[in-house]
Structure formats: structure tokens, C-alpha cells
Amino acid sequence: TCSQTENKCLTCANGWYPNGTECSSCESKYCTTCDATTGACSSCEIGYYLDGTECKKCSDAMSTCLECSSASICTKCQSTYYPKSGTCTLCTSQKCTSTCDQSTGACNGCATGYYLTSDKKCSACSSNCNYCTSGSVCTTCAKGYFLKDNVCVKCDSTNKPNCTTCSQTDDLCSVCNEDYYPDETECKLCIDKDCTKCSTTNGDC
């Protein structure tokens, strides 16, 4: 809409605002939308926040911030970060895998030794467990441990005599000492099979 008495525009098309004799883009004020008559901003570009009717820049110190509510409070961060007390913090700091929700910090997955809870947080597995479904149910143990009744037990001469390598996912021995072979949960002597020597992994003579 043009003025009938002056050489100026009164109302501009959507995404534009009156600026003297012409219409200027809302983007020139860092707005994504603005009033077509007054030019007042109603939403801002990424990296800017709405202060009244103006778009102002988020702090330069917040380089990983996408959206903010003030110059120093971030509300949405770049990928691999989340806002913690207004500051962008690495997802991995709360034991998430590299990504989490950029606004809430809800984890998409957890680091080794942690499991994802129903409220999307990472909680520690039991001792010496790499992967678990809860704090009391382990599915894969750390190297040097075997899984027995959902708990990780040390693979040593006390718990697995003559076993050098235990399975990390069940109560089995994978490799035995020389002159022994794996027979499910234990190591047995090769001579029990009438062998003078046998494979320490499968028992073949």
C-alpha cells in the first residue's frame, strides 16, 4: 500500500517492511518475520534473539549456539551439544554417545559401560560391564571377565582354572592353557581325550 500524499510505502508484502520510499527485506534486520507496516520483528534468524521488537546477536562467545533467549543464555545448540544452565555443553560430558537432543540434552545412545534409561539419561552398568540393559543386567563384560547370572566375573585361575581367555558374553572359556581344551564352562586335560597334544581352542588332537 502506497501513501496517497507522500512518496513512501505504508504496507509491504510479507517478509518486507516500509523503509522510506521503498520496502526492505526483514532479513536486513536479522528477522525471519516482521510486521509489514511497522517493521517490528516477531522472530529472528539463527544466532539472534528477539529483544522486544528487535533481533539482537547471541554472544560471540557462544559459537556453538543456534538459538538463544538473551545474549548469554542459549536454548538450542549445534549437533553434539546441549544447553546446560544456558551454556552449550558436549553431549559426551553426560556419557551420551556423540549426539543428544540439541534442546533438552536427552541422549540418543550411551557410551560403553552405560545404558539408556526411560528418561533418556545414561546410567552406569555394573562393575566391569561394557554393555547392559539395566544396572543389574549385563549382556557383555569387559575383556578379562566372563558373564555369569548377568554379572561379570574375573577370568582367573580361581574362577576359571587353566583358562586364558573367557567369553565376554556367557559363562564359557574360549582358550585354555597348553595341554587343556575348552569344554563349555571349564578346561579339561587333552589326555582325557587320549591326546598327547590338543588344540587349546577346540580340543582337536
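Author: The chain carries 16 positive and 23 negative side chains, and the centres of these two sets are 4 Å apart. Lys and Arg count as positive, Asp and Glu as negative, while His and the chain ends are not counted. Each charge is placed at NZ of Lys, CZ of Arg, CG of Asp or CD of Glu.

Reader: What kind of model is this, and how are residues numbered?

Author: This is a predicted model, in which local features need pLDDT of at least 70, side-chain atom pairs count only at pLDDT 80 or more, and totals for chains, interfaces and linings use all residues. Residues are numbered from 1 along each chain as its sequence is written, and side-chain values use heavy atoms, with hydrogens and water left out.

Reader: How many helices and strands does the chain have?

Author: The chain has zero helices and 20 strands. These are DSSP runs numbered from the N terminus, with helices being H or I of at least four residues and strands E of at least two.

Reader: And is the chain a compact globule or more spread out?

Author: Its radius of gyration is 32 Å, well over the 17 Å that the globule rule gives for 205 residues, so the chain is more spread out than a compact globule. The radius is taken over C-alpha atoms, and the rule is 2.2 Å times the number of residues to the power 0.38. Along the principal axes, the C-alpha atoms fill a box of roughly 115 × 30 × 25 Å.

Reader: What share of the residues is buried?

Author: Buried residues make up 31% of the 205. Buried means under 20% relative accessible area, exposed over 50%, and partly exposed in between, with a 1.4 Å probe and protein chains only.

Reader: Which residues form the largest nonpolar core?

Author: That core has ten residues, among them Tyr115, Cys125, Tyr145, Leu147 and Cys152. A nonpolar core is a set of buried Ala, Val, Leu, Ile, Met, Phe, Trp, Tyr and Cys residues joined through side-chain atoms within 4.5 Å. Strand 13 (129–132), strand 14 (138–141) and strand 15 each supply at least two of its residues.

Reader: Is Asn150 buried, exposed or partly exposed?

Author: Asn150 counts as partly exposed because its relative accessibility is 36%.
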